[in-house]
Protein chains: 2
Amino acid sequence: MAILDKNELLELNSRYRATLINSLAGFKTAVLVGTENNEGQSNLAIFNSLIHIGANPPIYAFICRPDTVRRDTLSNILETGSYSFNYVQSSDFAKAHQTSAKYETEISEFEAVGFGKTYFEGFSAPFVSEAPIKIAMKFIEKIDIAINGTIMVLGSIEKIVFDDHLLAEDGFIALEKADILACTGLDAYYKSEFLGRLSYAKPETEPKRIDTETQV
Amino acid sequence: MAILDKNELLELNSRYRATLINSLAGFKTAVLVGTENNEGQSNLAIFNSLIHIGANPPIYAFICRPDTVRRDTLSNILETGSYSFNYVQSSDFAKAHQTSAKYETEISEFEAVGFGKTYFEGFSAPFVSEAPIKIAMKFIEKIDIAINGTIMVLGSIEKIVFDDHLLAEDGFIALEKADILACTGLDAYYKSEFLGRLSYAKPETEPKRIDTETQV
């Protein structure tokens with residue numbers, strides 16, 4: 001067994017520590033965030049920090065580090081209030097990763113990386129055409145996390161666009177049926193293998209498998 | 001294609017909407033949070049909202065809903081300042097899920113569900129013996145998310161305990177080598193299939209695969 005104490009963590013080379021702490025934070029969906037500034041310059045950047053805040057009303061958040069390349073994303077969101085979350089298929093993992101390169105502001109990652117761009121009426125933010133799941137977001141507020149200057153961006157879900165066959169009869173979205181890309185840390189990518197859904201847990205019974213039919 | 005607009009989302013049955021919005025939030029690692037109150041009553045609860053806040057110093061957060069069964073976890077953290085994150089193997093998914101049952105405060109989910117309990121010197125919080133990755137956390141602060149009463153709990157990483165073979169030469173922790181359990185929503189569980197790691201992205205080059213050797 002390896003044991004690392006806080007003092008040992010703090011003495012590590014900063015890149016090694018960043019790789020360790022980022023990868024240790026676990027599996028996430030790789031999310032491409034689409035934005036556009038008021039001049040119509042579009043931006044696409046990969047994030048791995050989508051957070052469920054609430055379902056009523058539907059609110060998601062993500063974490064922005066002000067010292068990263070992703071500041072185009074944040075400044076576009078603050079300028080227009082509009083952004084998109086796009087989940088991609090696992091076969092697109094290299095293209096998704098490439099959106100993290102430090103392109104100049106006047107370069108659109110859609111074109112540079114090779115994703116199609118599409119729009120929905122009422123939203124200035126662009127969406128990834130190939131994304132099996134697209135979510136239109138509207139900025140609500142940002143919360144500054146004082147301890148390290150990180151920013152949490154909260155937004156409301158305004159529209160969800162996805163393939164019908166992903167939706168089960170009880171509202172469950174089966175991400176594995178669209179082969180949605182997952183990731184850990186800053187550079188590791190994964191497919192998912194579905195194990196099952198389990199019934200609502202109660203103290204006196206063992207959980208049972210739920211078999212939900214998806215809609216046709 | 002299915003399209004759901006915000007007004008349609010708000011008109012859905014609340015359980016259907018919760019299932020939809022929770023599952024749509026994507027893949028996460030299933031994390032068992034271990035705590036103990038000052039009387040030595042231990043608690044174990046599954047969470048799916050671990051958030052990487054920063055690596056220097058190492059800080060993780062998670063989201064707590066005050067209206068859920070998991071309030072024992074939050075009150076124990078506020079009482080002692082100590083908690084543990086435990087990642088489990090995918091074969092333990094039914095036991096992990098069962099920790100979400102509403103056991104009485106005086107019932108320890110460790111015993112009720114059948115996980116071993118272990119301690120490390122200097123930390124009052126219990127750990128899951130079977131967990132291939134154990135993280136000792138120290139409470140820093142909670143941030144109230146006013147819009148829906150959700151609470152973000154921030155803590156510093158005080159100790160990491162894991163199998164040596166998971167650690168690559170550059171600090172990367174290969175969760176797939178311990179078959180770490182992932183999940184979506186409140187009841188769906190997944191194994192991961194590793195696709196690869198990619199080199200630091202630069203505008204003028206295509207990402208290459210990184211082959212990191214793990215330590216022996």
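In the predicted model, chain A holds 5 helices and 14 strands. The radius of gyration of chain A is 19 Å. The globule rule gives 17 Å for 216 residues, and the two values are close, so chain A is as compact as a globular protein of that length. Along its principal axes, the C-alpha trace of chain A spans about 55 × 55 × 35 Å. Buried residues make up 53% of the 216 residues of chain A. Contacts in chain A were also sorted by sequence separation. Among those between residues at least 6 apart, 62% join residues at least 24 apart.

The two chains touch through 89 residues of chain A and 89 residues of chain B. On the chain B side, strand 13 (residues 188-198) of chain B gives the largest share, 11 residues. By class, that side of chain B has 52 nonpolar, 21 polar and 16 charged residues.

Strands also pair across the two chains. Strand 1 (residues 2-5) of chain A pairs with strand 11 of chain B in the antiparallel sense, over 4 bridges. Within this pairing, Ile3(A) has Val161(B) as its bridge partner. Strand 11 (residues 150-162) of chain A pairs with strand 1 (residues 2-5) of chain B, again antiparallel and over 4 bridges. Here Leu4(B) is the bridge partner of Ile160(A).

Strand 10 (residues 133-145) of chain B runs antiparallel to strand 11 of chain B, and 12 bridges join them. In this pair, Lys142(B) stands opposite Val153(B).

Helix 2 (residues 14-24) of chain A has a set of buried residues. These are Arg17(A), Thr19(A), Leu20(A), Ile21(A), Asn22(A), Ser23(A) and Leu24(A). After helix 2 of chain A comes Gly26(A), with a positive phi near 95°.

Ile53(A) has 24 other C-beta atoms within 10 Å. The cut-off for a buried residue is 20 or more, so Ile53(A) counts as buried. Residues up to four places away in sequence are left out of its list of contacts. In chain A, Ile53(A) touches Ile59(A), Tyr60(A), Ala61(A) and Leu154(A). In chain B, Ile53(A) touches Ile63(B), Ile145(B), Asn148(B) and Thr150(B). Ile53(A) and Lys159(A) are 106 residues apart in sequence. In space they are 16 Å apart, C-alpha to C-alpha.

Methods: Residues numbered from 1 in each chain as written. Chains lettered and ligands numbered in written order. Predicted model: local features only at pLDDT ≥ 70, side-chain atom pairs only at ≥ 80, totals over all residues. Rg over C-alpha atoms; globule rule 2.2 N^0.38 Å. Buried ≥ 20, exposed ≤ 12 C-beta atoms within 10 Å, placed from the backbone. Contact = placed C-beta atoms within 7 Å. Nonpolar A, V, L, I, M, F, W, Y, C, P; charged D, E, K, R; others polar. Pairing = 2+ DSSP bridges.
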